[in-house]
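Thanks for making the time this morning. I would like to walk through one model with you, going from the overall fold to a few individual residues, and I will give the cut-offs as we go.

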Amino acid sequence: MAVVSDSMIEKLASARKSLKSSLEKSKALGLALEKSGPRLEEINQRLPTLEAAVRPIRAQKEALVAVGGHINRAVSPAAAVLNVFDAVHGLEKSLLSDPRNDLPGYLSVLKRLEEALKFLGDNCGLAIQWLEDIVEYLEDNLVADDRYVSNLKKSLKNLRDLQNDGERARLDGGLLEAALDKLECEFRLLLTENSVPLPMSSPSALGEQPCIAPSPLPVTVIQKLQAIIGRLTANKRLEKCISIYVEVRSSNVRASLQALDLDYLEISISEFNDVQSIEGYIAQWGKHLEFAVKHLFEAEYKLCNDVFERIGLDVWMGCFAKIAAQAGILAFLQFGKTVTDSKKDPIKLLKLLDIFASLNKLRLDFNRLFGGAACIEIQNLTRDLIKRVIEGAAEIFWELLVQVELQRQTTPPSDGSVPRLVSFLTDYCNRLLGDSYKPILTQVLVIHRNWKHEKFQERLLVDAILKITKAIEHNLETWSKGYEDVTLSNFFLMNNHWHLYKHLKGTKLGDLLGDSWLKEHDQSKDYYAAIFLKDSWGKLPSLLSREGLMLFSGGRATARELVKKRLKSFNEAFDDMYKKQSNWVVSEKDLREKTCQLIVQAVVPVYRSYMQNYGPLVEQDPSASKYAKYTVQTLEKMLASLFQPKPGKYASFNGRQPSGKFSNGLPDQYHSSPRG
C-alpha cells in the first residue's frame, strides 16, 4: 500500500477549502441575482418614461424652445374651465334647498349657475381645441412618447364627444334641471295656495255683485310668479309654466261656477221635447253667463295680463284663451246652440230673443276678452250661435202668420171656449210689442234683413203683428161656422169677442188696433150674448104659459092637468139645455158671472111666480115631485154654476202642422209673465 505523504494531504485540504469557498460565493451570487430580478423589472418599466424624458434632448432645438409656449396657451383655458366647473358644484347645496325659504336668493344663485354653464358651454370646446393642438404639436415634433400621446388623444376624443352631445346636464350633473323642477313646484304651490273660488252668498244674488272683480292674487305673489316665469322662460320651460298656470286657474274658475249648479249646460237635444220644458234653464243661462264673464273671466283676463305681461301679449292672451275654454265658456255656448236646434214653436222665439239679449248685453265684454287670435274657437262658436239665434228667431216670426192661417182648417173647441191659439197669441203678440222684447226683436230683424241686403222699417214688425191679429179674427169667423148648433156658435163668438176686448184693451197691441176696434168687439160680445140667451134659455119662460089656468068652479082638475103638462115640458127643456150647456165653458170669470146672471134673471123670476101661483095644484098630487122637480133655490143655484172651467182641463186647440215648423199643438199654459 502506498504511503500518503504530508504534502498530498495539505493539497487536498487546500482544494477542499477552495471548493467550499467557491460554493459559498456561488450561493451568495445566486441570492444576489434573485434579489436583482424585481429591480430589473422596475427598471424595464421605467425605461419608456426615461426614454420620453430623454427624447426632448434628442428633439430639434427649435421644437424644444416652442413647446413651452404651446403648453402654457393650452393649459390656461383648460384651467379656467376647471375652476368654473368646481364653482358649479359649489352651488349644489343652495340649489337643492327649498326655494320658498329665500326665493330671491334662490333665483340669484340659479342665475349664477346659468352663467357658469353658459361659460362652460362656450369655452369647453375652445379648451379642447387648444389641447388638441398641443398634442398634435407634440406628436409631429417627437417631443413626447407615442403611448403618452395616444392616451392624450383618446381622452380628448371622449371630451369632444361629450361636448358635441350638447347635453348640459353632463356639465352640472343635472343640477340645473333639478333646480328648475323645484321652481316649477314653487310656481304651482304659489298659485294653488292663493287661488280661492269666488264666494257667493246665493245664486239669486248674482246680479248684485260688483261688475268687475279685482285681481284675485296679491301683488307680492304676482311679483314672485313673474320672477319664476323669467327664469323658467330663460331655460325654455315657458310652455310647462303656462300649462301649470292654466291647470290651476281654470280649476279655480270651475270651482267658482260649481256653486251655480250648471249641470243643465250638458243637456242634449234628445233630453227635452221643446223649449218650454227647459224654459227655466234658459233664464238661468243668461244670468250665469253674465256672472261668468263679468266676474270670473274678467278677473282671469286681468290676472293673465299681470302675470305674463313681460313675456308678451300673444302669450298671456293664449293663456287666457285656454283658461276660458277649459273653465266652461264653451259649455255655455254649446247650450245656446242646443236651444237653437230644438223644435220650432212660438215659445222658442221668445227664448231665442232672451239668448240674443244676453249675448248682446255682453257684446263689448266678449269683444274685449275674447277678441284676440288665441280665442278663435270661442269667436267662431259665438258667431255661429248668434247666426243661429237670429236666423231661427226671424224664421219663426215671419212664419207666425202662415201658421195661424193654417189653423183655420181645424175644428173649433167643442165646449165653445176661447181656443188656445187665441188666448196664447193675444198675450204673445203683446209681449212681442212690449218694452222688453220689441227692441230686441227689431234689432234681430234688422240684422237678418241686412244679411239679405234688404232694408227693414219698424212698421214691418207692427204690420206683421196686426196681420196676425186680423188672421185670428178671420179664424174665429170660420170656426164659428163649423158648429152645427147655432146656439153654441153664438156662445163661442160671445166668448171670443169678449176675450179680445178684455185682453187687448190698454195694451200695446190694443193701442195699435184702436178704440173703435176694441169697441166693436165689446159690442159684438153683447150682440152674440143676447142672441145666445134669446135662442136658448130665453125660450124656457114661454113654456110656463098661464093661458087657460083661470080657476073657475069645477075647472080645478083641468087646470091641474095643464100645470102638470107645462111643468113637464119646462123640466124636459131645462134638463136638456142644462145637460148640454153644463159642458160649455166661459173662462173669463166676469163674463161667466154676467152670463149666468142674465140666464137667472130670464128664467128664475118666471119660474118662481109660476110655482107660487100654480104649484099648490100639483103639490097634493101623489106624483108631485115629478112635476115640481126643482125648487126655486135649486134652479137658481144650478144656473149660477154653469160654464165653469173643468179642473185640470184647458180649452185646447190642436191643429195640424202641414209645414212641420212648430210642434203639434200650442202650450197648455203660458206661465211666464210679461217682462217689465
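Let me begin with how elements are assigned: helices (H or I, at least four residues) and strands (E, at least two) are DSSP runs, numbered from the N terminus. On that basis the protein chain has 25 helices and 0 strands. Please keep in mind that this is a predicted model, in which local features need pLDDT of at least 70 and side-chain atom pairs count only at pLDDT 80 or more, while totals for chains, interfaces and linings use all residues. Residues are numbered from 1 along each chain as its sequence is written, and side-chain values use heavy atoms, with hydrogens and water left out.

Some totals, then. I will call a residue buried under 20% relative accessible area, exposed over 50%, and partly exposed in between (1.4 Å probe, protein chains only). Of the 676 residues in the protein chain, 44% count as buried. The chain exposes about 36,600 Å², with 54% of that supplied by carbon and sulfur atoms; these areas come from the Shrake-Rupley method with a 1.4 Å probe, and for residues only the protein chains shown count as cover. If contact means heavy atoms within 4.5 Å, then among contacts between residues at least 6 apart in sequence, 83% join residues at least 24 apart.

Now to helix 11, residues 313-327, whose 15 residues reach 21 Å from first C-alpha to last, close to the 21 Å expected at 1.5 Å a residue, where the expected span is 1.5 Å times one less than the number of residues. Its buried residues include Trp316, Met317, Phe320 and Ile323, and what covers the buried residues of this helix includes helix 9 (238-258), helix 10 (279-308), helix 12 (329-340), helix 14 (363-369) and helix 15 (376-406). Just after helix 11, Gly328 takes a positive phi of about 135°.

Phe335 brings me to the aromatics. Rings of Phe, Tyr and Trp (its six-membered ring) pair if their centres lie within 6.5 Å; planes under 30 degrees apart count as stacked, over 60 as edge-to-face, and the rest as tilted. A search of the whole structure finds 24 such pairs. One of them joins Tyr264 and Phe335 edge-to-face, at 5.3 Å centre to centre and 80° between the planes. Tyr264 lies in the loop between helix 9 and helix 10 and Phe335 in helix 12, so this pair ties together parts that are 71 residues apart in sequence. Both residues, Tyr264 and Phe335, are buried. Elsewhere, Phe297, Tyr301, Trp316, Phe320, Phe366 and Phe370 form one aromatic cluster.

Trp537, not counting residues up to four places away in sequence, touches residues including Phe532, Phe574, Ile599 and Leu642.

Finally, the backbone. Most residues other than glycine have a negative phi. Asp261, in the loop between helix 9 and helix 10, has a positive phi near 55° and is partly exposed, with a relative accessible area of 49%. His453, in the loop between helix 17 (438-451) and helix 18 (458-480), has a positive phi of about 60° and is exposed, at 76% relative accessible area.
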